[in-house]
Amino acid sequence: MASETVESTAATDRRSVTERLGLDSEAIRGWLTVLPVILLYLFVAVTPIAFAFYASLFEIPLLAPEWTFTGFSNYVEVLNMGSFWSALWLGGLFMVGSTVLQLLVGLWIALVLNKISYGQRFLTAVAFTAYLVPTVIVVLIALFMFDVEIGVLHIAGSNLGLWGERTFALGDQTWAMPLVVLIGSWKFSIFVTIFTLAQLRAIPERFYEAAKICGASRWEMFRDITLPRIMGVLLIAVLLRAIFMFNKFDIIWMLTEGGPAGATTTLPILAYRTAFLENSYGLANAMAVIMFIFLAIGAYCYFRAFNPAKEVDT
Amino acid sequence: MTVNISNMTRVFDAPDGRIVAVDDLSLTIDDGEFLTLVGPSGCGKTTTLRCVAGLDTPTSGTITVDDRDVTNLPPQERDVALLFQDIALYPHMTVRENMEYGLKIAGVPEDERRESIEEAADLLQIGDQLDKMPASLSGGQQQRVALGRSLVRDPSVFLFDEPMSDLDAKLKRELRPVVQRITDEIGCPVLYVTHDQEEAMTMSDRVAIMDGGELQQAGPPKEVYDEPTNDFVGEFIGQPAMEFFDAHVESANGTAAVALGGHTISLDASADQLEGYVDRDVRVGVRPQHITVADATEGIEAEHVLDEPLGDETHSLFETEYGNVTVVTHADFDGDDGGEYGLVLERSETQLFDPASGVRIF
Amino acid sequence: MSAPTESEQRLSYETRDRLYQVALYGSAALFTFIILFPIYWMVQNAFTDSQAVITEFAWFPSPETVTLENFSVLTAGAVPTYVINTIVVTIGTIVLVVAVSLVAGYGMARFRFKYKESFAQFLLLGYMFSPIVLGLPLYLIWSETGLLNARIGLVIALSAISMPFAVWLMWKYIQTIPESMEESAWIAGASRWRTFWDVVVPQTKPAIVACALFAFAIAWNDFTFAQILLPSQDSTTFAPGIMRLIDQGGYTSWGDIMAVSFLMTIPPLLFAYFLQEYLLKGFEVRTR
C-alpha cells in the first residue's frame with residue numbers, strides 16, 4: 001500500500017510538470033499564432049488612437065511640427081466651432097439618408113435576386129460588380145456623367161428642369177448632398193444585398209412549401225417566414241452601414257471635397273481639412289478622438305445588440 | 001510487441017469540476033492479439049485509445065510498448081496506426097497519395113512506396129481505385145483505403161476508434177473479415193474500440209469492458225459472456241440484454257435456492273457456497289434465451305405486451321412485477337395481447353449478483 | 001401595401017402570378033440597368049475618340065469614333081506609376097492578409113488558450129476601425145517611422161483593417177475541418193508544421209480565396225489611407241493620384257480617364273462573375 005502511494009505521488013508529480021508545461025506550451029503556441037494580428041492592431045489601431053488623444057492635447061502646426069501643450073483647449077475650440085456642429089448635422093443627415101436608402105434598395109435587390117430563376121448568376125455578378133468597383137471609379141464616372149459640357153446625367157437633369165444648363169449639380173448647394181447620398185448608395189446598397197442574400201438562401205425551401213400548403217399568400221410568406229429569418233442580419237447590416245457611413249471620407253471628398261461652401265462637409269471631411277489644409281494637426285486629432293468616441297458608442301451598441309461573444313465559443 | 005497499460009488515470013478539467021475519464025486502468029495487449037475495448041459512450045474507452053496513440057497524455061500511470069516507456073512521447077514517435085471513426089482520408093489527395101503519405105513522411109523511396117501500395121491495394125481489392133479522389137468512393141471503399149493507409153506503414157501497434165459505427169449493418173459484416181485479415185497480416189497488438197458488443201464478440205481474441213472509466217472485465221468473448229464479473233457486464237454483453245429480478249436467497253437442507261415471484265428456484269449450489277447471502281436479497285440475472293414462456297400457473301406472472309418476429313426466432317415482451325421482460329421465444333410464438341402467462345427461468349442458467357455492488361456471486 | 005393585396009385577391013391566381021413575375025423581372029431589369037448603365041457609359045467612352053467624347057454626345061458607339069487611342073494613357077505620364085503602385089500594394093496586402101490570417105485562424109481553431117474569447121471580441125472591434133480616424137494620427141507616426149510615402153506602410157495599414165474579417169473567416173473555416181485528419185498525419189509521423197502545410201492549408205483553399213478577395217476589395221478600393229499615407233505625388237496609388245491630377249486641372253480628357261477606369265474595373269468584373277460563390281460564403285461568415 002505504502003509503495004503504491006509513493007509510486008502514484010511520483011506519477012502525479014511528473015504529470016503535473018508536463019501538464020503545466022504542456023498547457024503552457026499550447027497556450028504559448030496559441031498566442032504566437034495570433035501575435036502578428038495583435039502587432040498589426042497595436043501598430044495600426046491602438047497606437048494611433050492613443051497617439052491621437054495625446055496629440056489632441058497640443059497645438060501642432062503640421063508644417064513646422066513644434067508641439068505646444070494646450071491641455072483640453074482643442075476640445076473646447078472644437079465644441080465652440082460652428083463648422084463642427086454643422087458638420088455633425090450634415091454627417092448625421094448623410095448617415096441616415098444613406099443607411100435608409102441602402103437598406104431599402106439593398107433588401108429589394110436581395111429579394112429579387114433570391115426569387116428569380118433566370119439569369120441569377122449573371123445578376124448576382126452584376127450586384128457584386130457594384131460592390132467591387134473601386135470608389136474612385138464610381139466617382140470618376142459620376143464626375144463624367146455630371147460634367148456640365150457632356151455629362152449624360154447633367155443633361156438629363158437640366159432637361160427635367162432639376163438644375164440649370166450651366167450648373168454643375170455636384171457643386172450646387174441644394175443638390176450636392178442628395179447626389180452624394182445617391183452615388184454612395186449605388187455602390188454600397190449591394191453590401192446590404194450580399195449580407196441578406198446569404199441568409200435568404202439558407203432558408204429551407206420546405207418552410208415555403210409548408211406555408212403554401214396552408215394557403216399563405218406571397219406577402220404572408222414574406223412577413224411570416226422571410227422577414228423574421230433575416231431580421232437579425234438586417235439589423236447588423238443597418239448598424240454597420242450607419243457606422244461606416246458616419247465615418248465615410250473617400251466618396252465625399254473625391255466628389256465634392258466637402259463643398260460647395262461646406263454643403264457636404266461631414267465630420268471626417270472637416271477633420272481632414274483641419275489637419276492638412278488648415279495646418280492644425282492637434283485640433284484635427286481632437287476631432288478624430290471625438291469620432292472615435294462615436295465609433296466606440298456604435299461598437300458598444302453592436303456588442304450589446306448582437307452579443308458576438310455568443311458566437312465566440314461555438 | 002506488447003502494449004502494457006498500467007495504473008493509467010486520465011482526469012479532465014471541466015468548467016464544473018474534474019472529470020475522471022479513465023480510472024486506474026491496467027491492461028496488457030500481447031503481440032498479435034486483437035483486444036476490443038467496449039463500453040457505453042463516455043466510459044473512457046476512446047480516451048484510453050488516444051493515450052495509447054499519443055494524442056492524449058495520461059494524468060498518471062504508464063504506457064509501455066515492449067520495454068519502451070511511451071507515456072509522454074508525441075504521436076509522431078510512437079509508430080502506431082489509427083483508424084478514425086470519421087475515416088479522415090485527406091480529401092485533397094488521391095487514394096494513392098493518401099496511402100503514400102505516411103511512407104513519404106518516413107522517407108521511403110518512391111518505387112518501394114509504389115510497390116507496397118499496390119500490394120496493399122490488391123489485398124484490399126481497391127487496386128483499380130488508386131487514382132480516384134476519396135470523395136468519389138463509397139463508404140466501404142473509403143474504409144478499405146483507410147485500412148490500406150495503415151497497412152502499408154506496418155505499424156507496431158494498430159488502433160481502431162469505432163471505425164464502423166457510421167456504416168450500415170451489411171457493410172459492417174462485409175468489412176469485419178477484411179479488418180481481421182489485415183490485422184493478422186501485420187501481426188501486431190490490436191486495440192479496437194467500439195460501443196457495439198456484437199462487433200466486440202465477433203472479432204476479438206479478448207474483450208475488455210469498461211464503464212465509468214473503470215475496467216469491469218477482460219477475457220475471451222465466450223468467457224465474458226458466460227461468466228460476467230458483474231451485472232453491468234452481464235447486461236452489456238449479449239443480445240437481447242440480460243434480464244434481472246430481485247430475489248431472496250434461502251437455504252433448504254443445505255442447498256441454496258432463490259425465492260422470487262412467489263416460488264423458489266433451487267440452485268446447483270450448496271448453501272455454503274453462498275456464504276453470507278443466505279436470507280438476504282440478491283439480483284437474479286437470466287439471459288432472455290433462457291427464459292421459457294409457460295401457463296399462468298407456473299413461474300413469474302406476466303402479461304404479454306407484444307411480439308417482434310425476427311424470422312428465426314421471436315422476441316416477446318412481457319410486463320411483470322419486475323418491469324418489462326424480454327423473452328426469446330420460438331419463431332412461431334404468437335402471444336395473446338394482454339394474455340396472462342408465466343415465465344420460467346432455466347435453473348442452470350441463473351446467475352446471482354450482489355444487489356449493492358453488482359458483483360456476480362454465483 | 002394593403003391595397004394591392006386586396007385587389008390581388010380579387011384577381012385570378014394566374015393573373016396574380018403573372019403580375020408577380022412582371023414585378024420580379026421588371027425589378028431585376030431595373031436594377032441591372034441602374035448598375036450597368038454607368039459601367040456601359042464608361043466602357044463606351046473608353047473606346048471613343050477623346051475629342052468626340054467632349055463634342056458629340058452619343059448613346060451608342062459609332063464606327064467613325066471608335067478607337068483604342070485612349071489606352072495610350074497607360075504608356076505615358078504619371079498614370080502608369082499609379083496603377084503599378086496600386087497593383088503592388090494590393091498584392092502585398094493580399095499576401096500579408098492571407099498569411100497572417102491563416103496562421104492566426106489555425107491557432108484559434110486548434111490551440112486552447114486563455115482569453116481566446118476576449119481576443120475574438122477584440123478582433124471584432126476591428127470592424128469599427130475607420131481609415132479616417134486611424135489615418136490622421138498615423139500620418140505623423142508613419143512619418144516618424146519612415147513609413148510615410150512607402151508602399152509597405154500602406155500595405156500594413158490596409159492589412160490591419162482587413163484582419164477582423166479574414167481571421168474570423170479562417171477560424172470558422174478551419175473549425176469545420178475534422179481534427180482527426182491532422183491527428184492521422186501526426187500518427188503517420190508528420191510534424192505539426194508539416195501537417196499544417198500538407199493537410200490543413202490545401203483544405204482551406206476556399207477560405208483563402210475568400211480572404212484574398214476581400215483583401216483585394218479593400219486594397220483596390222482604398223482612397224483614404226493612400227491619400228493620407230502616400231502624400232507624395234510620385235509614390236501614390238491610382239485613386240489619390242488621379243484625383244490630384246484632375247484637381248490640378250492637368251487632366252480633363254474624359255476619354256483617357258474612362259479608358260484607365262475601365263482597365264481598373266476589369267479585375268473586379270472578372271472576380272464578381274467567376275468567384276461569386278466565395279464572396280457569398282465569405283459574407284455568410286461575416287454576418288455571424
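This is a short tour of the structure, stop by stop, with what to select at each one.

Before you click, note that this is a predicted model, in which local features need pLDDT of at least 70, side-chain atom pairs count only at pLDDT 80 or more, and totals for chains, interfaces and linings use all residues. Residues are numbered from 1 along each chain as its sequence is written, chains are lettered from A and ligands numbered from 1 in the order in which they are written, and side-chain values use heavy atoms, with hydrogens and water left out.

**Stop 1: chains A and C**

Show chains C and A together. Here 105 residues of chain C are in contact with 100 residues of chain A (contact: heavy atoms within 4.5 Å). The buried area, meaning the accessible area (1.4 Å probe) that two parts lose on being put together, summed over both, is about 9,500 Å², and carbon and sulfur atoms give 78% of it.

Now pick C:E277 and A:R121: their side chains form a salt bridge at 3.2 Å, N to O. That term takes a side-chain nitrogen of Lys or Arg within 4 Å of a carboxyl oxygen of Asp or Glu. The count between these two chains is 2 salt bridges.

**Stop 2: helix α6 of chain A**

Select residues 152–159 of chain A, which make up helix α6. Helices (H or I, at least four residues) and strands (E, at least two) are DSSP runs, numbered from the N terminus. The buried residues of this helix are A:V152, A:H154, A:G157 and A:S158; buried means under 20% relative accessible area, exposed over 50%, and partly exposed in between (1.4 Å probe, protein chains only). What lies over them? The cover includes α5 (135–145) of chain A and α2 (13–46) of chain C. After the helix comes A:G161, with a positive phi near 80 degrees.

**Stop 3: two loop residues**

Most residues other than glycine have a negative phi, and most peptide bonds are trans. Jump to A:E257, where phi is positive, near 55 degrees. A:E257 sits in the loop between α10 (250–256) and α11 (267–277) of chain A and is partly exposed, at 25% relative accessibility.

**Stop 4: chain B**

Finish with B:Q239 and B:P240, joined by a cis peptide bond with omega about -10 degrees. B:P240 is in the loop between α8 (231–236) and β11 (243–252) of chain B.
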